[in-house]
Amino acid sequence: MTLDAIDRVAVLGAGNMGHGITEVVALAGYDVTMRDIKEEFVEDGYEDIEWSLEKLAEKGRIDEAPAEILDRIDTTTDLEEATEDADLVIEAAPEEMDIKHDIFSDLDEMTHDDAILASNTSSLPITEIAEATDRPERVVGMHFFNPPVKMDLVEVIYGQETSDETAETTYEFVESIDKTPIYVRKDVRGFVVNSVLGPFGDEAGWMVSNDEATIRETDATMVHERGYPMGPFELGDLTGIDIGYHVRKEAGQPVPPIVEEKVEAEELGQKTGKGYYDYEDGDGADYGPDDVSEDFDWLRIEARIINEAAKLIGNDVATPDAIDTGLRLGAGFPEGPCRRADKIGLDEVLDKLETLYEETGADRYEPADYLEELVADGRTGEDAGAGFYEYGEDSERDYTTINVDLNDDGLLEVELDRQARMNALNQDMMDEIVHVLDTADLDEVRAVTFEGAGDRAFSAGADITGFSGIDPHEVEVTPVFQTVNDFPRPTLAKIDGFCLGGGHELALACDLRIATEDSEFGFPEINLGLLPGGGGTQRAIRMISEARAKELVFRGNRIDAETAEEWGLINRAVPAEEFDDTVEEFLDDLVYGAPIALRKAKMVMNKGRDQDIDAGLELESQAFGLLLSTDDMMEGAAAFMEDREPEFEGE
């Protein structure tokens with residue numbers, strides 16, 4: 001089974017996960033049948049899809065009318081009718097092995113021989129599910145996160161006998177429905193995200209149980225100092241304290257006393273009105289920055305998270321990049337645990353674990369073999385040049401927040417890829433952009449483009465979670481904007497969606513900007529009590545009138561692409577269907593134009609902009625004289641005389 005051979009999909013289950021997966025598959029253009037055991041379940045699921053599609057249409061998030069998408073969805077209560085023509089079946093039934101076995105046994109009889117049989121289980125072993133079939137090589141885990149329409153991540157899990165062909169086709173299918181897949185190459189409990197996320201709540205529970213911290217200071221410190229979207233106890237209340245309790249019990253792990261106390265008291269979180277916080281008579285999770293404790297040992301929690309990641313890597317379950325992608329997209333971590341570990345220093349992480357293991361003897365602190373190996377090899381993190389990732393000064397570096405490609409024509413394409421945060425700039429992303437440009441081979445690069453991954457944002461600004469714990473007296477303006485501005489090749493920002501704050505400043509640092517008509521621009525920093533800190537105030541006031549620039553900065557409002565073009569902030573605002581062609585027209589001139597002339601023109605215009613007219617004209621004259629002696633000038637003149645396209649070599 002190849003991706004091209006998948007025409008029809010069946011989703012078994014019409015509950016929250018089932019109808020969500022059905023909607024995602026239909027949105028991607030596939031014909032899909034949603035099946036459940038009762039007509040009322042199917043009807044409820046279909047109505048939820050209708051409601052969701054209407055909301056997406058109201059927000060302008062879909063290009064098709066809801067009715068057109070719904071036309072691709074069939075419903076039934078008959079399992080054979082749903083699956084007999086399906087090329088891919090995604091099971092989303094209740095998390096009980098007996099139910100899974102009954103379904104997959106029937107699927108073995110009802111589906112054609114090449115069909116892929118996938119389970120959306122979040123906790124049950126794929127290998128055991130596959131035992132109900134005579135084709136375990138075609139059974140795979142396909143774990144969506146809730147809600148599927150909003151959550152970008154899907155774990156693709158190998159069972160013991162899952163074939164590479166099955167897993168790879170499933171991976172490609174996930175990409176085709178506009179989700180981000182990660183491989184889980186061994187069938188381990190909790191797969192990747194839940195395995196690595198577990199210590200976040202578990203270790204916090206032990207610390208509070210042992211009177212080493214309070215609930216409020218734990219949550220406040222992890223959120224306001226370490227940048228997590230919510231604290232461990234707030235998260236436990238949201239997901240249900242009993243859920244984590246049963247997961248630990250099933251795994252044979254000790255349960256922190258505070259967790260047991262809450263379960264015994266039936267105080268399970270938001271769903272019961274009370275958990276670690278009071279949601280009925282109190283204000284819920286009402287911790288704030290004032291509750292942050294300088295004495296709170298956050299490294300205990302993060303060291304255990306990192307240790308779990310190291311176990312998975314050492315056992316060939318997942319790569320550092322897959323783990324980091326999974327925790328960012330699936331759990332909302334501000335950065336992946338492997339990347340954060342390399343910043344902290346793996347030797348420091350190992351020392352923390354060894355100390356706790358020696359003091360307590362608790363198995364949860366026993367260091368992973370792979371972590372010990374990295375430290376023994378001197379791969380202790382970013383400062384050492386290598387850790388979970390490589391940090392060499394040359395171009396051979398692992399990028400975690402951007403995608404980079406240099407094509408044969410000399411176009412260097414940089415894609416900002418933090419979709420879960422709408423491609424918001426953080427320090428890692430800015431450092432990686434600088435590294436790409438600083439190490440670029442100028443003999444190979446003719447032009448550079450910047451764009452945002454996904455369809456929502458070029459970049460929605462700077463990630464404010466990165467401001468946590470910053471000493472205001474140590475703040476330095478990042479060099480990324482000036483590096484882009486000064487790069488000696490033409491740069492073009494391809495803007496589709498939000499272009500705000502730091503993202504807007506990055507776009508302004510480029511030489512040219514092309515946007516879709518639905519894109520929005522602005523400097524919202526003033527609403528945070530800040531101002532644009534990456535050159536936005538200075539570049540804007542040099543590009544457009546003083547009044548317009550101050551309106552943008554002072555009011556903090558957004559403007560649409562048509563207004564941005566009218567004001568002179570961007571070069572073109574075009575309909576979405578004309579965007580790629582317009583970009584291509586610009587790039588044809590940049591990539592195939594005279595390299596030396598383009599470089600000199602950029603240098604003269606950038607430097608001359610800040611000087612008086614006489615100094616600027618002198619720069620222009622010097623550059624013009626130099627260009628008269630180049631082979632490119634001779635080729636350009638010859639091509640003009642011969643009425644042909646020039647072939648510039650940059651000489």
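Predicted model: local features only at pLDDT ≥ 70, side-chain atom pairs only at ≥ 80, totals over all residues.
Student: Which residues of β15 point the opposite way from L512, I514 and T516?

Tutor: In a regular strand, side chains alternate between the two faces of the sheet. In β15, L512, I514 and T516 share one direction. The residues pointing the other way are R513 and A515.

Student: How many of the five residues of β15 are buried?

Tutor: A residue is counted as buried when its relative accessible area is under 20%. Both the set L512, I514 and T516 and the set R513 and A515 are buried. Strand β15, residues 512-516, is thus mostly covered, and its buried residues number five of five.

Student: At what angle do the axes of α20 and α21 cross, and is the arrangement oblique or roughly parallel?

Tutor: Two packed helices are described by the angle and the distance between their axes. The axes of α20 (residues 501-509) and α21 (residues 536-543) come within 10 Å and cross at roughly 50°. Angles under 35 degrees count as roughly parallel and 65 to 115 as roughly perpendicular, so the arrangement of α20 and α21 is oblique.

Student: Which residues of α21 are met by α20, and how many residues in the contact are charged?

Tutor: From α20, the residues E505, L508 and A509 take part. They meet G536, R539, A540 and M543 in α21. By class, the contact has four nonpolar residues and one polar residue, and its charged residues number two.

Student: Is the peptide bond from N146 to P147 cis or trans?

Tutor: P147 is located in the loop between β6 (139-144) and β7 (153-158). Omega for the bond from N146 to P147 is near 0°.

Student: Is D211, with its positive phi, buried or exposed?

Tutor: D211 is in the loop between α8 (193-209) and α9 (215-224). Its phi is near 60°, a positive value in a residue other than glycine. Over 50% relative accessible area counts as exposed; D211 has 72%, so D211 is exposed.

Key: Residues numbered from 1 in each chain as written. Heavy atoms only, no water. Buried < 20%, exposed > 50% of the residue type's maximum accessible area, 1.4 Å probe, protein only. Helix = DSSP H or I, 4+ residues; strand = E, 2+ residues; numbered from the N terminus. Axes fitted to C-alpha atoms, helices over the stretch in contact; angles between N-to-C directions. Parallel < 35°, antiparallel > 145°, perpendicular 65-115°, else oblique. Contact = heavy atoms within 4.5 Å. Nonpolar A, V, L, I, M, F, W, Y, C, P; charged D, E, K, R; others polar.
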